[in-house]
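Good morning, and thank you for coming. Please look at the sequence and structure as I go.

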Amino acid sequence: MKRLLLPLMIGASLFAITAAKSTGMMDTGGSAAGDFGPPQGEPIHAQLTSPPFVPPPVNRTKPAKVIVDLEVKEVEKEISEGVKYTFWTFGGTVPGSFIRIRQGDTVEFHLKNHPDSKMPHNIDLHAVTGPGGGAASSFTAPGHASQFTFKALNAGLYVYHCATAPVGMHVANGMYGLILVEPPQGMPKVDKEYYVMQGDFYTVGKYREKGVQPFDMQKAIDENPTYVLFNGSEGALLGDKALKANVGDTVRLYVGNGGPNLVSSFHVIGEIFDKVYTEGGSHYQENVQTTLVPAGGSAIVEYKAEVPGTGVIVDHSIFRAFNKGALGMVKTEGPENKAVYSGKEVDSVYLGDKSVSAAPVKAAANASASGSLTLAQQIKAGEALYNGTCSVCHQSNGAGLPNVFPPLAGSDYLNADKVRAAKVVLNGLSGKITVNGNGYDSVMPPMSQLNDDEVANILTFVMNSWGNKGGQLSADEIKNIRASTPRPKGAAH
């Protein structure tokens with residue numbers, strides 16, 4: 001019997017080894033197998049990168065002593081156009097600096113807290129085997145520094161975050177990032193690597209409400225975020241800041257989710273992930289459309305760019321994408337392959353007002369804040385917002401669609417009463433109306449998710465376009481109209 005079992009056992013072992021190799025990031029048997037002895041050679045200072053960029057591969061065959069220098073900074077930045085927020089950061093960015101090391105490395109971690117900080121901070125790295133992931137050894141007051149050492153025993157992609165009380169508040173203010181612990185043989189070679197991390201943010205003001213917005217603890221406790229974002233701001237991966245690839249490239253995204261509350265349904269519209277290293281671990285799944293990334297977790301996704309165009313990065317919990325900001329772009333350039341895909345590209349279907357230049361909107365917001373907003377600036381901003389919000393139904397020329405959507409161009413209904421027009425935008429409209437002698441019986445949903453300045457700019461643009469009689473609405477007028485009209489059930493605000 002023993003003679004019969006031995007070949008079976010050997011065969012099973014060989015099969016297991018072959019299967020492990022097929023995963024790409026080879027299973028190293030857990031932390032017990034991740035200690036490759038003491039560091040060899042001279043100490044190495046880790047090269048850290050800001051998102052969306054990733055440090056180069058380690059390309060080492062032996063464990064080393066790696067010194068990581070990371071500074072906490074509290075910085076005020078834009079979270080959306082014209083909206084500022086005080087972020088607490090590792091390295092000055094949200095997410096924090098990307099750290100890349102090798103399994104078996106001994107890491108000497110130096111954490112500094114900038115003298116201008118108002119709060120103490122620390123760091124919990126999920127790659128650490130030890131109390132608090134390093135948090136117990138890294139409590140750092142403003143103007144001070146701390147140091148601790150750990151051995152990277154497990155390969156994988158790990159989240160790090162602040163763990164100073166109240167922990168949720170520190171994380172919600174942007175204190176998270178990723179550390180990649182490469183397996184001994186390194187990651188399989190690809191053409192492009194990028195760093196994308198989702199987070200949910202909680203402001204006192206509503207979505208896109210202008211000005212400096214403080215943190216709202218009650219919204220955070222209720223898990224009701226104002227924003228859900230990639231890389232810390234609504235425009236971080238859009239337009240000129242989009243990720244870039246060429247046709248034929250293999251693209252790898254190191255994806256994290258800082259939370260603090262929401263699980264991400266990570267998806268790239270127009271692509272299928274050839275490989276997903278689930279939860280940042282050693283084994284991959286193939287041919288995946290959408291992958292879950294838990295709060296405080298990660299995933300590594302890879303795909304081959306087969307055709308040119310714009311891949312739209314979203315959290316497929318879809319209202320987060322289109323109404324809270326969880327949108328990004330991967331722009332792929334190169335020759336068409338009509339055997340794979342034939343059709344025109346229309347970014348605005350998915351990207352909305354982020355498919356057009358944000359410059360006029362930003363200019364109008366800045367002018368409004370300084371009290372110098374002109375009619376021309378309003379019209380320019382309104383055009384950009386209209387093209388990304390209204391043009392799918394009402395068309396870019398305002399002509400509407402016969403028997404379906406009434407025209408805005410030369411519209412007697414619109415020109416008759418600008419206050420009524422504002423109420424239609426804010427409250428929606430259903431039932432029969434007559435526009436330019438033609439009857440329409442359709443439904444316009446409330447667009448009350450738009451802010452007062454956005455509604456004012458859009459309507460000012462429409463009133464001054466396509467043969468309409470002109471006119472102007474201010475954000476204050478929209479605010480009063482919003483406050484004085486009954487809110488229909490289901491309206492956003």
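Helix α11 (residues 452-463) packs with helix α12 (residues 475-484) at an angle of about 110 degrees, and their axes lie 8 Å apart. The model is predicted: local features need pLDDT of at least 70 and side-chain atom pairs pLDDT 80 or more, while totals for chains, interfaces and linings use all residues. Residues are numbered from 1 along each chain as its sequence is written, and side-chain values use heavy atoms, without hydrogens and water.

Helices here are DSSP runs of H or I with at least four residues, numbered from the N terminus. Axes are lines fitted to C-alpha atoms over the stretch in contact, and angles run from 0 to 180 degrees between N-to-C directions.

How are α11 and α12 oriented to each other? They are roughly perpendicular, a term for angles of 65 to 115 degrees. Their crossing is right-handed, the near helix being turned clockwise from the far one by less than a right angle. On α11, the contact (heavy atoms within 4.5 Å) is made by D452, D453, V455, A456 and L459, and on α12 by A475, I478, K479 and R482.

Let us turn to a second pair. Helix α6 (residues 359-370) and helix α7 (residues 375-389) pack at about 140 degrees, with axes 8 Å apart. α6 passes α7 in a left-handed crossing, where the turn is anticlockwise. Their contact includes P360 and V361 of α6 and Q377 and K380 of α7.

Definitions and conventions:
Helix = DSSP H or I, 4+ residues; strand = E, 2+ residues; numbered from the N terminus. Parallel < 35°, antiparallel > 145°, perpendicular 65-115°, else oblique.
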